[in-house]
Amino acid sequence: MPARVFGMAFGEDRRRLYEVVVCTADGQPVASDSGFLISGAAGPEALEWADTVIVPPTHGMDELLQGAPLPAHLHEALARIRPGTRLVSICTGSHVLAAAGLLDGRPATTHWVDALDFRRAFPRVKLDEDVLFVDDGDLLTSAGVAAGVDLCLHLVRRDHGSAVANLTARLCVVPPWRDGGQAQYIERPVPEPTLATTSEARAWALDRLEQPLTLAELADHAGMSVRTFTRRFRDEVGMTPVQWLTAQRLELARGLLETSDLPVDLVAHRAGFGSGNSLRQHMRAAFGISPIAYRRTFQAREPAAL
């Protein structure tokens, strides 16, 4: 899956933007649980020059959640990774990074089914099982396998801008961005089918992000009380309505900064932040960067449409 996503990321000259190499920890083929062998094109020596190392999910190392150490050959392979290399795990690949001590003191996620055991086995990790993925700079982790697609597209977006990431998503026939977090997939009692949902209110809000929407307006549009709407919204999306609105407005603002020359104040107005100062505060809190610096970074690297 990472090979497909990164392999479909092209520059303006139709040049592939990533070189993807599959390697195994000991240079030997790996047996999959689907009945076929995976033969890597390289052994662990590839880890010595990789800029990004992605650890895939595994169902064959459940003992790590019981406190067992990493197998020696895997520990030796990970030791080959250069300092400063970007580390990524997909789904239960986070168990490998955690067992190696690479997640200690860092925010991370994993599949929600394993969250309780993960917390017990790796108490030093700041686990958040409600999100699809966690970006902590040089260390990124995703929830389930499908969330790995979200994370890979996020990396493409971070490296080369939204235009490239959106085209990559279209070529892979997947959405470029999914709302909410892993919380919407966690097993919970199923609501009665006659109960209303918040989906129409969300769609209604997306068409009016530039307006000062209130929680009462959203609830009224959904035909619910504010209390019921807030509870139902969090159950369905995995975050509060205010958090969701802010996230949607930030995505709209990022797109405008990447694809237009609109002044920051006008970008802020169109994205519903009211003022350039408010947009700056939210972008610094969410991404650690100002709107001007963000535009300079991504417009300088954004290719023309293919």
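Helices (H or I, at least four residues) and strands (E, at least two) are DSSP runs, numbered from the N terminus. The model is predicted: local features need pLDDT of at least 70, side-chain atom pairs count only at pLDDT 80 or more, and totals for chains, interfaces and linings use all residues. Residues are numbered from 1 along each chain as its sequence is written, and side-chain values use heavy atoms, without hydrogens and water.

Helix H6 spans residues 162-172. Its buried residues are Ser-162, Val-164, Ala-165, Leu-167, Thr-168, Ala-169 and Cys-172. Buried means under 20% relative accessible area, exposed over 50%, and partly exposed in between (1.4 Å probe, protein chains only). The buried residues of H6 pack against helices H1 (2-7), H5 (145-160) and H10 (241-259).

The largest nonpolar core has 24 residues. Such a core is a set of buried Ala, Val, Leu, Ile, Met, Phe, Trp, Tyr and Cys residues joined through side-chain atoms within 4.5 Å. Leu-70, Val-96, Leu-103, Phe-118 and Val-125 touch the most other members. Strand E3 (52-55) and helices H2 (72-78), H3 (93-99) and H4 (115-121) each supply at least two residues of this core. A second, separate core of 21 residues includes Phe-6, Val-88, Phe-133 and Val-164.

The whole structure holds 0 disulfides (pairs of cysteine sulfur atoms within 2.5 Å). The sulfur of Cys-23 lies 15 Å from the closest cysteine sulfur, in Cys-152, too far for a bond. Cys-172 is in no disulfide either; the nearest cysteine sulfur, that of Cys-152, is 9.4 Å away.

Key. Contact means heavy atoms within 4.5 Å.
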